[in-house]
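Dear colleague,

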Amino acid sequence: MESLRGQLLIASPTLVDPNFSRTVLLVAAHDENGALGLVLNRPSELLVADAVERLAPVCTDYERVYVGGPVEPGAVIVLAEFDDRSLAALLISGDLGLPNIEASAEMLDGGVRRARCFAGHSGWGPGQLDAELAQEAWILESLAPEDPWVEAGHELWSTVLERKGGEYALVARMPLDPSVN
């Protein structure tokens, strides 16, 4: 089994689950026990300073909390670019990862270049993500360094498909409702 950690999952236009329609997910972990991912393009209206005040200096006062997925929506996950990799519990790609639960907000503020907070995450049981890939529910793409930090919200889906090129560039321009085409 090849791990997809550090890859992007782009929701296929046929994926109609409202939790994942037109989403781009970063796979944070993937092994024989399942997978964990974060939806990168679902900003909420909630500001980090209002949701988890102690993380505001790490994520900036004006940063919105993103909806990472439908699993444990009350839990906050921080995605960070580390200057000090010893603060990471899990490195996803290069210096991008998830901080150690023991790391305080002060430690993170001094040890990361940038960070984003997510409410909840996306999860798959053993073999579930692989089955969804076989059913073509997801399109795989390599992670570009700026993908986790784009402010484009729902536009990220189109942007990543355009970057993939070919037939995917055509899919990127598909309207939400094909009947209006």
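In what follows, buried means under 20% relative accessible area, exposed over 50%, and partly exposed in between, computed with a 1.4 Å probe on protein chains only. This is a predicted model, in which local features need pLDDT of at least 70 and side-chain atom pairs count only at pLDDT 80 or more, while totals for chains, interfaces and linings use all residues. Residues are numbered from 1 along each chain as its sequence is written, and side-chain values use heavy atoms, with hydrogens and water left out.

Glycine 37 counts as buried because its relative accessibility is 1%. Glycine 37 belongs to strand β3 (residues 34–39); helices (H or I, at least four residues) and strands (E, at least two) are DSSP runs, numbered from the N terminus. With neighbours within four places in sequence left aside, glycine 37 is in contact (heavy atoms within 4.5 Å) with Leu26, Val27, Ala28, Gly68, His121, Ser122 and Trp124. A distance of 9.1 Å separates the C-alpha atoms of glycine 37 and leucine 8, which are 29 residues apart along the chain.

The nonpolar cores come next, a nonpolar core being a set of buried Ala, Val, Leu, Ile, Met, Phe, Trp, Tyr and Cys residues joined through side-chain atoms within 4.5 Å. The largest has 37 residues, and those with the most contacts inside it are Leu9, Leu26, Leu40, Leu79, Leu129 and Trp138. Strand β2 (residues 24–31) gives the most to this core, with 5 residues. A second, separate core of 18 residues includes Leu55, Leu87, Ala103 and Ala105.

The search of the whole structure also finds 10 salt bridges, each defined as a side-chain nitrogen of Lys or Arg within 4 Å of a carboxyl oxygen of Asp or Glu. In one of them, arginine 113 pairs with aspartate 95, with the closest N and O atoms 2.0 Å apart. Arginine 113 lies in strand β9 (residues 112–124) and aspartate 95 in the loop between β7 (88–93) and β8, so this pair ties together parts that are 18 residues apart in sequence. Glutamate 146 forms a salt bridge with arginine 114, the closest N and O atoms being 2.7 Å apart. Because glutamate 146 is in the loop between β10 (138–142) and α5 (155–164) and arginine 114 is in strand β9, the pair ties together parts 32 residues apart in sequence. Glu81, Asp83, Asp95, Arg113, Arg114 and Glu146 are linked in a network of salt bridges.

A further salt bridge joins arginine 116 to glutamate 151, at 2.8 Å between the closest N and O atoms. The pair links distant parts of the chain, 35 residues apart, with arginine 116 in strand β9 and glutamate 151 in the loop between β10 and α5. Arginine 116 is buried, at 1% relative accessibility, whereas glutamate 151 is exposed, at 56%.

Finally, there is the largest pocket. A pocket is an open set of points on a 1 Å grid over the protein atoms alone, where a 1.4 Å probe fits, with protein on both sides within 12 Å along at least five of seven lines; lining residues have an atom within 4 Å of a point. The lining includes Val52, Arg54, Leu55, Asn100 and Leu108. Strands β6 (71–82) and β8 (96–99) are the elements that give two or more residues to this lining, and β6 gives the most, with 3 residues.

Kind regards
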